[in-house]
Amino acid sequence: MERTGTRTDAMRYFPINIDIRGKPAIVVGGGAVAARKCSAIIDAGARVTVIAPKLGSALAEMSERGSIRHVAREYAPGDLAGAFLVFAATDSPEVNRAVAEEAKARAILADVADAPDLGSFTLPAVMRRGNLQVAVSTGGRSPALARQIRAQLEALYGPEYGTALELLGLLREKLLTGKGNSTYNKQIFNDLAGRLPALIRNGSTAEIDNLLKELLGPETTLAGLELRGKDPE
């Protein structure tokens, strides 16, 4: 019998959501690729240091805003000490390899832009709608295909899904606080998840209120839930 752990066709990467808020991240490189990496991890709340002699325009703007800390020189061994995440994104394969080797020696998670096999993780193509995130990964084999699939998802799932998720979160909190029957709650959320996005997309505020009252009682309305003080449009 073949052991699962020895399969050569098993997926290499394990998908995971990780909280990097306040965590130190180091990006080695000052160009467009480094800027994309920085943008993603800044949005996730990381504390970002960029090591590069010069910065491209996008990173220069981030530095001026105080979104990143810039160390204006070439990478040197020892620069990764204390990092939680590392990104090697220079135009030099030799430098990227050196960054990857130091990260491995220090047991730091690393992404290597030009050679994914040298790193321990890759960044997927991500479609975001508020707190809704759908990630597409090709295991580093074809970023272009991942981007195309992301574009297709963006066409399918509009901003109404982010609003629906926010509303579902408020409703979930309300039901958990009320300690309702869990089986009944699951049925309610299945119904709401299937119907809310289209109602929000169409601006059907009155219909949403009627649906909430039908499923959760006459006291449950959009106004009462305080959906950031705005109608779900």
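Tutor: Axes are lines fitted to C-alpha atoms, for helices over the stretch in contact, and angles run from 0 to 180 degrees between N-to-C directions. Helices (H or I, at least four residues) and strands (E, at least two) are DSSP runs, numbered from the N terminus. The model is predicted, with local features requiring pLDDT of at least 70 and side-chain atom pairs pLDDT 80 or more, while totals for chains, interfaces and linings use all residues. Residues are numbered from 1 along each chain as its sequence is written, and side-chain values use heavy atoms, without hydrogens and water.

Student: What describes the packing of helix α1 and helix α2?

Tutor: Two packed helices are described by the angle between their axes and the distance between the axes. For α1 (residues 32-43) and α2 (residues 57-65), the axes come within 8 Å and cross at roughly 35 degrees. Contact (heavy atoms within 4.5 Å) is made by A34, A35, C38, S39 and I42 of α1 with A58, L59 and M62 of α2.

Student: Why is E102 called buried?

Tutor: Buried means under 20% relative accessible area, exposed over 50%, and partly exposed in between (1.4 Å probe, protein chains only). E102 has a relative accessible area of 10%, and is therefore buried. This residue is found in helix α3 (residues 93-105).

Student: Which residues does E102 contact beyond its neighbours within four places in sequence?

Tutor: E102 is in contact with Y75, A76, P77, G78, D79, L80 and A81.

Student: How much of the protein is buried?

Tutor: Buried residues make up 36% of the 233 residues.
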